[in-house]
Amino acid sequence: MRPDRNTYDGKRFVHVKNPYLDTMDEDILYHLDLGTKTHNLPAMFGDVKFVCVGGSPNRMKAFALFMHKELGLAEGGEDIKDICAGTDRYCMFKTGPVLSISHGMGVPSISIMLHELIKLLHHARCCDVTVIRIGTSGGIGIAPGSVVITDTAVDSFFKPQFEQVILDNVVTRSTELDKELAEELFNCSKKILNFPTLIGHTMCTYDFYEGQARLDGALCSFSRESKLDYLKRAYKAGVRNIEMESTVFAAMCGLCGLKDRQVCGRRSNVASRAECAKSARAPCAKSARAPAAIHRTPPRPGSSGLFSVQPPGSTLQRRRHRTTRPLYWLSFHVGPKYTIREAKKLV
Ligand SMILES: O=P(O)(O)O[C@H]1O[C@H](CO)[C@@H](O)[C@H]1O
Ligand SMILES: O=c1cc[nH]c(=O)[nH]1
């Protein structure tokens, strides 16, 4: 294995934990359409310091364009090229020291991307790399428009661990995220007006519907009461939002020497309108600790606050999609503001 896998000269290199890689003549990063023989990876990616990942290809392109402008790089950002255009699995854009990559939805999809991304950063001999997932999530008991900076990713049992099945064994890996980076991002958010941000645990599930206690999937095998009970217990355990990649993201980045962080905009509901209203009346709601709902629309006059979530496809929901679009951008702002004003100090 390479002697520079971990650190030298005070630099923190991205390391892989696979003894077989060094014995291979060529490493093909299959789903990224890149390889060690076909591409000069150190020349293409050696200066990368920040990797921002998120589910959707369009969002990650928009983020790269935004970064291009914010970093004050030369004109031509509009023509920014998808480095992975040869595959339709993921897309990747590079602007200055920032790489923006899509990862699709769910643990298996982001895990494949991360295997190949980590090898890419390793082959390119990148050092001191920070990875940030910028995603959407369903909030639990937090204000509309909040951005959650994850301190710990937890599984559906609220445990800070990721279970990887390897051969026929279950290997448990830690999902702690970089606390210092969380604080730094949080401090940056304080400098931005009207940017409600909090640090909390993020729960990662394997499913968007039953896995996130939704009552509107094709299958639903639990009652509304058990749903609310589960969300309340999640809130009590420190969970402030739910998404579908954070545990494997934290586990893999942590093992390979990457500073990692997840920033999620609160996007959608995990409770229906009626449930929200009900939950607003529940005893724990009175103490402002109700883990009841995610609110994509601002509170309407005269309402109790926990409400306004409409059935899928309703006019209000369509409008909500429009009204929440800025949330994506708000959450994006964490990256650029951080990168330009603060992160330069870290590079
Ligand atoms: O906003 P992104 O990054 O797509 O992530 C969230 O959105 C998807 C579900 O709609 C899941 O992948 C979840 O983690
Ligand atoms: O509720 C939500 C919203 C976005 N992503 C999720 O996984 N859940």
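Tutor: The chain holds nine helices and 14 strands, where helices (H or I, at least four residues) and strands (E, at least two) are DSSP runs numbered from the N terminus. This is a predicted model, in which local features need pLDDT of at least 70 and side-chain atom pairs count only at pLDDT 80 or more, while totals for chains, interfaces and linings use all residues. Residues are numbered from 1 along each chain as its sequence is written, chains are lettered from A and ligands numbered from 1 in the order in which they are written, and side-chain values use heavy atoms, with hydrogens and water left out.

Student: What share of the 347 residues in the chain is buried?

Tutor: Buried means under 20% relative accessible area, exposed over 50%, and partly exposed in between (1.4 Å probe, protein chains only). Here, buried residues make up 52% of the 347. The accessible surface of the chain is about 16,200 Å², and carbon and sulfur atoms account for 55% of that surface; such areas come from the Shrake-Rupley method with a 1.4 Å probe, and for residues only the protein chains shown count as cover.

Student: Which residues are closest to ligand 1?

Tutor: A residue is near a molecule if one of its heavy atoms lies within 4 Å of it. Ligand 1 is surrounded by 13 residues, the closest being Gly-55, Arg-133, Thr-136, Met-244 and Glu-245. Strand β8 (residues 130-139) supplies the largest share of this shell, with three residues.

Student: Which polar atoms lie 2.9 Å from an oxygen atom of ligand 1?

Tutor: A polar contact is a pair of N or O atoms within 3.5 Å; within protein, one must be able to donate a hydrogen and the other to accept it, and residues adjacent in sequence count only if both atoms are side-chain atoms. For Gly-55, a polar backbone atom is 2.9 Å from an oxygen atom of the ligand, and for Met-244 a polar backbone atom is likewise at 2.9 Å from a ligand oxygen. Arg-59 places a polar side-chain atom 2.9 Å from an oxygen atom of ligand 1. The protein covers 91% of the 350 Å² of accessible area that ligand 1 has on its own.

Student: How is strand β13 placed, and which strands pair with it?

Tutor: Two strands pair if DSSP finds at least two bridges between them. Strand β13 (residues 239-243) is largely enclosed by the rest of the structure, because five of its five residues are buried. Strand β8 runs antiparallel to β13 and is joined to it by two bridges, with Gly-139 opposite Asn-241 of β13. Strand β12 (residues 197-204) pairs with β13 in the parallel sense over four bridges, and Met-203 stands opposite Ile-242 of β13.

Student: Is Ser-102 buried or exposed?

Tutor: Ser-102 counts as buried because its relative accessibility is 2%. Ser-102 lies in strand β7 (residues 98-102), and a polar atom of its side chain is 3.0 Å from the backbone nitrogen of Cys-91. Contact means heavy atoms within 4.5 Å; beyond its neighbours within four places in sequence, Ser-102 is in contact with residues including Gly-54, Gly-55, Tyr-90 and Met-113.

Student: Where is Asn-194 found?

Tutor: Asn-194 is in the loop between α4 (179-190) and β12. Its phi is near 50°, a positive value in a residue other than glycine. At 69% relative accessibility, Asn-194 counts as exposed.
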